[in-house]
Amino acid sequence: MKHPLFKAFLAATSVSTALVAVSMPSQAAEKATLPALRLVKRVTPEYAEKVEFKITKGLKQPTIGSKEEKLLITGGNIRECIRAYGYYLRKIARVHFSWNGDNNTAASFTLPENDIIVPEALPINYAYNYCTLSYTCTHWDMERWEKELDRLALSGYTHVLVTAGLEQVWQGFLRDIGYPADKIAGFIPNPAYAAWWNMGNLEGEGGPVSPAIIKHEAKLGRFLVKRMRQLGMEPVLQGYVGFLPHDMPAERIKGKIIPQGKWCGFYNRPAVLPPTAEDFPRLAALWYKHIRKVYRYKGLYFGGDLFHEGGNSGGTPLTPAAQAVQAAMQKASPSSVWLIQAWGHNPHKDLVAGTAPEHTLILALDKDMSPKHNISRNYQNRPHVWCELLNFGGNHGMYGGVELLENMTGNAGGAVGIGLISEGLETNPLYYALLTERLNTRERIDRNTFLKEYTHSRYGVLDADLIKAHELLIESVYSPQQLQEGCTENILCARPSLKANKASTWSKPNIYYNFDDVEKAARLMLKAGRKHNLSKLRTFRHDLADVCRQVLSDRARQQLPKVNEAYEAKNTAAFEKESQAYLQLIQDTASLLATSEDFLLGAFMQGAESKGGKNAEARQQMYKAMLQLITTWTPTHSMLNDYAHRQFSELMTLYYYKRWEAFFNVKKAELCGQKIAGEGGRSASQTTENNGEAVTTSYELSKSVDGVEQGFRNAKLELLTKPKGNVIKQASRILP
């Protein structure tokens, strides 16, 4: 008998006659639809008494109709009912949801005259990269997560990664195999760094973690699993692939433990017990026992990657290793599915060969957003999900392959579904709204229709200037012409150098768009904002601040060469003038971003601290870990520096401004013939591999800059938790 995943895929792609519809008895039906009715009350309370759901088993496509002055939504299961309601809200009622503000000012509850058949979705729509859960979700509390799950269900997601609670799983697992308590505490990292722990890249960073945080994460994990299942989504839990602490005593384990060395040249990686080892079945059984204990659910879908990002197989034969992983998984949870990330050189063909097709799903991570990119994949006929990888590190920057999504018709290049797998979210609402559209149709998306619907719902007005502004953005920043890793980074956030052209090691300094198009779009949005008084809307505050932030980022790339030219000409007066102009761009960016809720460091940090509850030590742990993650990443300077840089208002002034100011002071002193201890124009560069391609980052060594970076986490910072200033006034100043 084939697994439900495969059956769903076959049913969704079959041209045979649909199954005969069978309605449920009324009492059972009322209970079955209760989660959907509760969701309606949470997300659109004004419609709570106006909506009815009906589950008709075997119904291939949901329908939207009316019954006795109520909206009647009929679907084959609870998940499809909720997806259909999301379709109704977006396409008919004009209710807008996003990570960067919701809006219902254009909303209208409308009953259709005739039944509307909702377009068929692909069987699997998957949410989250491991990195997402650290870069973006660390600052989400239970209430914020509840909204997120509602939004995912309304958008049509079917499977969602859950890692909160693994701290408690590891505690119980390691305790059972006799690993000492103090060592366990040193192994578990802060939630801000848990993503790379779960992928086998590091141990213990930001720890020892407070028991209050571990308790919070376990409670959160149980809530996520329970609520997802109520909404018809399936949680993806962590499977066991052999990870052990790097210093696990050999006498505790039957089998040769393989050291994994360092990750990014800095962190000890967890060791790996080959799945072919004698003791692997015993350890895997213990792992799944604690999965059930913590989540109160045995799980049906499991993630977990062997030898991720440069791991050492130690000669382990991969085909029998994969067979052993799945054998243990099937024993713990019959008919379960192993989700494997396809990234870089993984998964190796020999590993894929050892998997059972009906119990395997490949997550094909894809960072190429260029319009003519071929998205087709073949993993030895194992089903796969095409996964967009738009964002890296949670960086702010306008970016996305709009044309690629528009034309991704049919079954997405042979995929059984589509995945939301950006490393960071809460950016680029235009792109992610289009992704939601793509999840819910197999037809080509018409740009004009989409933009008309999107701008009307997002801003509450139908305005030609807003539509034209977004057309310009699509034709510029949202049309990358070649492969690159995320947005073209803002050099205001780069570690200072007179020739800086990117902020992080793995990025490319590509300029593929016309700066003038972005500025024209900003002016059109400003015009519309003045005309309709849109600054009252969170959605508009975010978008105008974001596009003007992009304008300032583009101007920085034009200004820094002027600073360098003055320095090389040894013209002190010109250097002072041009460096001050560069610093003013940082100040202007900070003032602009302060007007939007979505660009405030204080609000971000407030959410992160909430994981510590009322425990002062736990709150401080979260605070320091998050500040480190979004600045230096590691405790000291490394190739990961600024990888997760963000353009929050206070970061611009309290961190990036101070770094550049310290750097310019050193350069100015050099021009004046002065010597500063520990300085002296020394440069450094690092070269590493990025999926087979060598990438290099260069910067200037500076103790003054080091001092700013290392002092930041311990400084007493004045942070904003509420917006400050008016976005239209700030934009008017930037765009006179």
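Asp102, Arg144, Glu148, Arg151 and Glu426 are joined in one network of salt bridges. The model is predicted. Its chain has an average pLDDT of 93, and 94% of the residues score at least 70. Over residues 8–22, however, the pLDDT is below 50; this stretch has 18 contacts in the model beyond near neighbours in sequence.

**Exercise 1.** Find how many salt bridges the structure holds. Then work out which parts of the chain the pair Lys91 and Glu437 links.

*Solution.* 
- Step 1. The total is 35 salt bridges.
- Step 2. Take Lys91 and Glu437: their closest N and O atoms are 2.6 Å apart. The cut-off is 4 Å, so the pair counts as a salt bridge.
- Step 3. Lys91 sits in helix H4 (residues 78–93), and Glu437 sits in helix H15 (residues 429–439). They are 346 residues apart, so distant parts of the chain are linked.
- Step 4. Check the burial of Glu437. Its relative accessible area is 16%. Buried means under 20%, so Glu437 is buried.

**Exercise 2.** Determine which helices the salt bridge between Lys668 and Glu576 ties together, and whether its partners are buried, partly exposed or exposed.

*Solution.* 
- Step 1. The N to O distance between the two side chains is 3.0 Å.
- Step 2. Lys668 belongs to helix H23 (residues 649–671) and Glu576 to helix H20 (residues 572–593), so the bridge ties together parts 92 residues apart in sequence.
- Step 3. Lys668 has a relative accessible area of 29% and is partly exposed. Glu576, at 27%, is also partly exposed.

**Exercise 3.** Locate Asp642 and Arg659, and decide whether they are buried or exposed.

*Solution.* 
- Step 1. The two residues form a salt bridge, with the closest N and O atoms 3.1 Å apart.
- Step 2. Asp642 lies in the loop between helix H22 (616–629) and H23, while Arg659 lies in helix H23. The pair therefore ties together parts 17 residues apart in sequence.
- Step 3. Both Asp642 and Arg659 are buried.

Definitions and conventions
Residues numbered from 1 in each chain as written. Predicted model: local features only at pLDDT ≥ 70, side-chain atom pairs only at ≥ 80, totals over all residues. Heavy atoms only, no water. pLDDT = per-residue confidence, 0-100. Contact = heavy atoms within 4.5 Å. Helix = DSSP H or I, 4+ residues; strand = E, 2+ residues; numbered from the N terminus. Buried < 20%, exposed > 50% of the residue type's maximum accessible area, 1.4 Å probe, protein only.
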